[in-house]
Amino acid sequence: MKTTWKTKNCARFDRYTMLSFLFCLIWLTGCGTTSYTGRLAKPESMVKLSSGDARELQWQTDDLMINAMYSLESNQFDLAGLVQLQSKLTHYPIVEYLRVSVHALDGDGIILTSYPLWTAGYNAELFFINWAFQRSYPVPEGTRAVTFSYRGKMRDGGGWGPVRNRDDGGGISWDFWHTP
């Protein structure tokens with residue numbers, strides 16, 4: 001069989017296409033997502049749950065506090081409450097982003113699964129953010145506790161011009177996070 005430039009280019013294209021596909025697949029399954037499932041949660045961060053009627057839940061770090069009511073009934077976890085910034089963050093008037101997740105734990109503190117809990121709008125001013133949440137999650141059998149994680153960035157309004165259209169000259173921002 002005679003090899004022509006078309007045959008060589010097709011073979012080269014197929015090989016590179018396959019390598020690109022494998023690279024993307026590895027990235028999406030490994031690096032592209034952060035999964036805490038199977039990891040041990042920080043003991044000081046865990047909140048033990050009790051089954052039955054609605055109960056109070058409080059959780060806090062140096063950055064934020066979650067005050068909520070919850071109920072845990074036959075693998076169903078209902079949670080309603082407020083996310084509150086701690087005072088060290090309230091002097092920043094703009095939330096560039098803030099995402100909070102809740103993690104279901106077994107009795108030993110192993111993370112069984114994770115769910116998104118609450119998200120602040122992009123470049124939102126504190127006054128216009130709805131800090132309340134109400135969620136219902138199907139949780140795995142053996143859920144005995146929860147913990148939370150978050151990642152956010154606050155900034156001042158520094159610089160001239162409208163907040164969303166200004167150059168970022170002269171502004172101050174603060175990145176913060178907490179892992180389960």
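Predicted model: local features only at pLDDT ≥ 70, side-chain atom pairs only at ≥ 80, totals over all residues.
**Notebook: β9 and its surroundings**

I began with the partner on one side of β9: strand β10 (residues 173-178) pairs with β9 in the antiparallel sense, over 6 bridges. I looked up M154 there and found W174 as its bridge partner in β10.

Next I asked how β5 and β9 run, and how many bridges join them. They run antiparallel, with 11 bridges between them. As an example I picked V102, whose bridge partner in β9 is F148. I then checked β1, which pairs with β9 over 2 bridges, again in the antiparallel sense. One of the residues I looked up here is K48, with A145 as its bridge partner in β9.

Is β9 largely enclosed or open? I counted 9 buried residues out of the 11 in strand β9 (residues 145-155), so the rest of the structure largely encloses this strand.

I moved on to H103, which sits in strand β5 (residues 94-105). H103 counts as buried because its relative accessibility is 1%, and the cut-off for buried is under 20%. Its side chain makes a polar contact with the side chain of S114, at 2.6 Å. Setting aside neighbours within four places in sequence, I listed the contacts of H103, among them A145, V146, T147, F148 and S149, as well as Y36 and P180.

My last stop was G38, in the loop between α1 (5-31) and β1 (47-48). G38 touches I110 and I111, leaving out residues up to four places away in sequence. I also took the C-alpha to C-alpha distance from G38 to G109: 9.5 Å in space, for 71 residues apart in sequence.

Key:
Residues numbered from 1 in each chain as written. Heavy atoms only, no water. Helix = DSSP H or I, 4+ residues; strand = E, 2+ residues; numbered from the N terminus. Buried < 20%, exposed > 50% of the residue type's maximum accessible area, 1.4 Å probe, protein only. Polar contact = N/O pair within 3.5 Å; in protein donor to acceptor, adjacent residues only side chain to side chain. Contact = heavy atoms within 4.5 Å. Pairing = 2+ DSSP bridges.
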